[in-house]
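Trainee: I would like to take a close look at a single part of this structure, and I would be glad of one connected account of it.

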Amino acid sequence: MNETMIQFFHWYSEGDAKLWKEAAKASSYLAKLGITSLWFPPAYKGANGGYSTGYDSYDLYDLGEFDQKGTVPTKYGTKEDYISAIKALKKQNIKIIVDIVLGHKGGGDELESFKAIKVDENNREKIISDEIEIQSYTKFTFPGRNKKYSDFEWNFTCFSGVDYGEGIPSGIYKIKSEYGDNWEEMIDNEKGNYDYLMHNDIEHRNPYVRQELNDWAKWYFDQTDFDGVRLDALKHISFDFYKEWLTLLRSNSEKNVFAVGEYWAPGYLELLQKYIEVTEGCMSLFDSSLQNNFHNASHEGSNYDLRRIFDGSLTQADPLHAVSLVDNHDTQPLQDLEAPVEKWFKPLAYALILLRQDGYPCIFYPDLFGAHYVDKDKDGNDQEIFLDKVDGIEELIATRKNHAYGIQRDYFEDANCLGWTREGNEDHSGCAVVLSNKDDYNKPMEIGTRYAGKKFYDILKRSNEKVIIDQNGWGNFPVPAGNVSVWIEVNTKE
C-alpha cells in the first residue's frame, strides 16, 4: 500500500484540549481514506502552558500530566487523551509520527547570573559588546513534576545563547562557557551562524545535555510506542547531534524509527543534499523547494511553465529522502514564512505529490478539514482567514491508495498541460492524470494494452464523458482549463 502522511494540526489548531480526542474520533475515517501515518504537534508542556503550540518547549517529560505553567493539559489535551488517541490510531494501522523540538527551551523557572557577549542579530559571528554579566531564566527545575521520570535540572551551562537579560536591552547574547566561545557548527553560513533561533538555545556540546536528551527519547518511546519522528528546525542544530540521537533511539527502541527533518530552505536544494550527506542519510527532509514551486506556480497562473514544476526539488533529485507537501503550519497565511498555495492550484499540487511514484506525500490538516482563524497581519491589523477543504482531496487520497501503482509514463511536453499514467499492478488497476494551468486540453497518453477496449471516467467529475482505450493501450484524456482530471477504469473498486 502507498504510504501517505497527514499533518494533523495547523498553527491555529483549536485549543481547549480537544485535538487528541479529535484524532481518536477521526481514526477510522483516516484509515479508510488511505492515511497510513499521522504527524502530531509537540505533545509536551510549552512555556505558555495551555496556549502553547508546543514549539516553545518547557518540560519534555510533561505530556499533559502535571500542573505546570498554569495548566495540567497542554493545548491539545491530557497525557491520558494523548495515549488514548495513539492507541485508537494504531488500532487502525496508522503509524504515529511525533514532533521533536530539541533546539531550544522556554519558560525557565529561576534567574541565573553568567557571563555573555552580545552579537549582531544579522551576523551572529559579529560581537557588539564587551563581556558582561547578565541574569536570565536559564534554570529549569520543573517544580510541578517534582523530579518524576528525571531529576535532571537545566542551568546556563546547558545553553549556548539567550535573547533575554534582566534589565538590559533585548538581543542575542552568546553565553561564555567551557564548551566554546563559538556557536556550534552549522552547514550554512546564513546570519554568519544560525545556531541561535529563539529562547534558550540548547548547547548540544554539553555531554550531560546529550545524555539527558538520549534518555528522554527512550522514555518517550516507552510511553507512546511512536513509529516516527519529525525533527524541528534542523537549520539551527548541529548536524552531528541528530545523527547520534537517532542511532541511539533506534538501538534502544529496537525499532527502525522513521525520521523526517525540517530544514526549510526553499530554492536551496544543495543545502538539503548537503545535510543528507553529512548525516549519512539517516533521515528524510521536507521538500521546501517543491512547496515553493507550487506557491510560485499558483501565483503566476498560465505564465508558469509547468514543465519546471519539479526543478530544484528534492523529490526530483533524491526521492527516497523526500517528504513532499503542498502547505504546512509555517507556510499558512499570517505566519512568518507564509507562502500559501492558491486555492485553484491546490488540487493540481496534490495530484503531483499523491499520484506519482516519487516522494512521500504529506497532507495538511486544513486541506482535508478546512480551518478558520484570526491573527495580526504584518501591519498589526486583525485578519480573518478561511481555509477551505481542497476540492477533490478525498478522491485524490483514495486514488493514491487504490490506483497509483506500477509503471509511470510522463507527458510533460506542454508548458501549460502535464499528464502521466500509472499502469497499475497485479492487485491494483491504474490511473491517468492530466492537469492544466491555462486552457482545456485533450492529452493522448498510453496506459497499457491490458486496458484495451476499457472505459475510463474522471473520478473528480471535472468531465462527464468516458474515455475508451484503443487496442494499443492509448487514450485521449481531457482536462478543463486551470484544473486537474484523474481517470480510472469504470467499475473498479474505489
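Which residue of β25 is the bridge partner of Lys455?

Mentor: In this predicted model, the bridge partner of Lys455 in β25 is Ile468, and the pair belongs to the antiparallel arrangement of β24, residues 455-458, with β25, which 2 bridges join. These two strands stand at one end of the order β20-β21-β22-β27-β24-β25, in which 6 strands form an open sheet with antiparallel pairing. The edge strands are β25 (467-468) and β20 (408-414), each of which pairs on one side only. Helix α8, residues 346-354, packs on this sheet and touches β21 (417-424), β22 (429-436) and β27 (484-489), its direction making about 140° with that of β22. Helix α10, residues 393-403, likewise packs on the sheet with contacts to β21, β22 and β27, and for this helix the angle with the direction of β22 is about 145°.

From α10 the picture can be carried on to helix α1, residues 19-33, since these two helices pack with their axes 8 Å apart and at an angle of about 60°, which makes α1 oblique to α10. On the α1 side the contact is made by Tyr29, Ala31, Lys32 and Leu33, and on the α10 side by Glu394, Ile397, Ala398 and Lys401; these residues divide into 5 nonpolar and 3 charged, with no polar ones.

Technical notes:
Residues are numbered from 1 along each chain as its sequence is written. This is a predicted model: local features need pLDDT of at least 70, side-chain atom pairs count only at pLDDT 80 or more; totals for chains, interfaces and linings use all residues. Side-chain values use heavy atoms; hydrogens and water are left out. Two strands pair if DSSP finds at least two bridges between them. Helices (H or I, at least four residues) and strands (E, at least two) are DSSP runs, numbered from the N terminus. Contact means heavy atoms within 4.5 Å. Axes are lines fitted to C-alpha atoms, for helices over the stretch in contact, and angles run from 0 to 180 degrees between N-to-C directions. Angles under 35 degrees count as roughly parallel, over 145 as roughly antiparallel, 65 to 115 as roughly perpendicular and the rest as oblique. Ala, Val, Leu, Ile, Met, Phe, Trp, Tyr, Cys and Pro count as nonpolar, Asp, Glu, Lys and Arg as charged, and the others, Gly among them, as polar.
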